[in-house]
Amino acid sequence: MSTGTGGTVVQRFGSRVADVVEEWMPSPFLFALILSYLVFLGGIVIEGAGPAAMVGYWYDGFWTLLTFAMQMVLILATGYVLAYHPFVRRAIERVASVPNSGRQAVVLVGVVAMVVSWIQWGLGLIVGAVLAREMGRQADRRGLAVHYPLLCVAGYMGMGLTWHWGLAGSAPLLMNTPGNVFIEQGIVDGLISTSRTIFSTYSLTLTVTGIAYAAIALYLLSPDPENSAGITEFVPRGQLDGAAPDGGEESAVATETDGERTVGDRINNSRAIGAVIALTGVGVALWTFYQEGLGALNLNVMNFAFLFIGLALFTRPKAYENEFGEAVLATSGIILQFPFYAGIIGMMNASGLSTTLAEALVSVSTPETFPAIAWITAGFINFFVPSGGGEWTVVGQTVLQAANELGVPPGQAVVAYAVGDAHTNLFQPFWALPLLGITGIRARDMFGYAATMLLLLIPFLAVALVVIPY
């Protein structure tokens with residue numbers, strides 16, 4: 001939806017990109033299928049693999065990431081459950097009442113999404129989506145002019161910038177997970193602690209400066225009031241009034257009031273039982289960190305902790321179960337598409353296409369430029385494999401071996417690669433599926449502005465990755 005021809009250079013640029021993407025972008029599922037055929041043809045043309053062999057690689061790849069896919073779904077589902085707890089939702093409503101202009105609203109949603117995504121990307125994605133919708137709803141009620149597609153992009157900025165070098169970043173956590181594929185293959189001698197990736201000064205400086213730069217870009221990109229399309233241009237007004245912040249029904253905590261007719265009912269809704277189980281799990285997670293420090297942080301520990309933190313908040317096991325069911329429904333698009341992207345990984349990996357592409361990019365790097373080249377490599381591969389950890393398992397070997405040959409610390413290589421993977425999520429709609437469902441917007445309506453943010457971030461990332469000391 002065009003926002004007109006007026007405004008600053010940045011505003012006009014964003015509007016034009018949005019118009020092109022709205023016209024040409026397919027649905028996220030069709031996007032995955034198109035990429036599958038492109039990789040299929042790439043394996044035949046570039047690597048010389050036969051069509052039958054590529055189909056075999058595709059089929060075999062479907063089932064290679066089941067464990068990792070489950071880990072990713074759990075991160076997203078546990079984040080979803082926490083975001084929909086009444087306490088969090090009330091906080092979101094209060095935050096949404098703060099801005100006094102459309103630009104302030106966009107910046108606030110973006111900063112919140114980026115900060116929370118650094119803590120846990122599933123939580124950040126859902127909080128960003130719910131906050132974007134609630135901000136749009138309150139802006140409509142208060143008469144504030146805010147461009148809803150850009151507001152939704154702001155809610156997605158955590159996935160487009162900070163998540164992969166945050167506390168739940170797949171590649172950094174995978175490198176600190178015992179028995180990971182890189183240790184088994186002898187690519188690294190042992191675990192790469194999160195103190196060398198997530199909690200390095202390199203990563204933390206990138207986080208702070210990246211959030212500040214992205215906030216400025218969002219502010220400059222926001223259309224003038226006369227060119228802003230509000231939430232009612234995309235969501236029927238009847239679905240806004242009196243709805244929960246997500247536009248749906250009230251949460252299980254608020255509606256679970258049925259009579260407890262049996263002993264089983266009382267057990268299902270027992271706060272005492274839920275509290276004991278939750279505190280046991282939280283206690284185990286805390287003990288693990290006490291014993292091993294921040295180095296204990298990996299995918300399994302992260303999921304374990306958030307599973308029991310969620311139960312601690314909801315307390316009643318039945319209420320937690322109901323909310324988790326809603327979370328799984330919200331992740332259904334990702335569950336459907338994950339095997340297809342695993343099939344793409346299978347074709348790229350088995351045919352040698354991924355290694356060829358990664359080696360071609362990494363071969364032109366020097367010790368000084370390697371972080372930027374790793375960022376570009378990840379960004380390119382992420383178009384075809386939008387799974388941070390899955391993508392890392394494909395080309396991480398090439399990146400780490402090149403880093404070792406150039407004398408680049410492996411922790412810096414992991415972070416630089418993670419930046420590229422997150423960055424091109426701004427044109428990959430896979431992880432936006434839950435946000436699209438919550439905000440009620442189509443991918444083609446928001447991804448023009450997401451692509452514009454991708455382009456605006458390039459100068460900053462190209463310089464920051466090389467200039468910031470490790």
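Which residues is Pro386 in contact with, leaving aside its neighbours within four places in sequence? In this predicted model, they are Tyr341, Gln428, Phe430 and Trp431. Pro386 lies in the loop between α19 (370-384) and α20 (388-406). Its relative accessibility is 2%. Buried means under 20%, so Pro386 counts as buried. Met70 is 316 residues away from Pro386 along the chain, yet the C-alpha atoms of the two are separated by 15 Å.

The nonpolar core comes next. The largest such core has 146 residues. Tyr156, Met157, Trp392 and Met453 have the most contacts inside it. Helix α23 (residues 443-467) gives the most to this core, contributing 14 residues. Tyr156 can be followed in detail. Not counting residues up to four places away in sequence, Tyr156 touches Leu125, Asn425, Leu426, Gln428, Trp431, Ala432, Leu435, Met446 and Phe447.

Helix α23 itself has 25 residues. From its first C-alpha to its last, α23 reaches 35 Å. That is close to the 36 Å expected at 1.5 Å a residue.

Ser117 belongs to another helix, α6 (residues 102-119). With a relative accessibility of 1%, Ser117 counts as buried, because the limit is 20%. Residues up to four places away in sequence are again not counted, and Ser117 then touches Gly124, Leu125, Gly158, Met159, Thr162 and Trp163. Leu125 is touched by Tyr156 as well.

Aromatic rings were examined across the whole structure. The search finds 23 aromatic pairs. A pair of aromatic rings is described by the distance of the centres and the angle of the planes. For Phe62 and Trp63, these values are 5.4 Å centre to centre and 65 degrees between the planes. The pair is edge-to-face, because its angle is over 60 degrees. The two partners differ in accessibility. Phe62 has a value of 12%, so this residue counts as buried. Trp63 has a value of 48% and therefore counts as partly exposed. Both belong to one aromatic cluster, formed by Phe29, Trp58, Tyr59, Phe62, Trp63 and Phe340.

A ring also faces a charge. The charged end of Arg103 sits over the ring of Tyr219, 5.6 Å from the centre of that ring.

How values were computed. Residues numbered from 1 in each chain as written. Predicted model: local features only at pLDDT ≥ 70, side-chain atom pairs only at ≥ 80, totals over all residues. Heavy atoms only, no water. Core = buried A, V, L, I, M, F, W, Y, C linked by side-chain atoms within 4.5 Å. Buried < 20%, exposed > 50% of the residue type's maximum accessible area, 1.4 Å probe, protein only. Helix = DSSP H or I, 4+ residues; strand = E, 2+ residues; numbered from the N terminus. Contact = heavy atoms within 4.5 Å. Phe/Tyr/Trp six-rings, centres within 6.5 Å; stacked < 30°, edge-to-face > 60°. Lys NZ or Arg CZ within 6 Å of the ring centre and 35° of its normal. Expected span 1.5 Å × (residues − 1).
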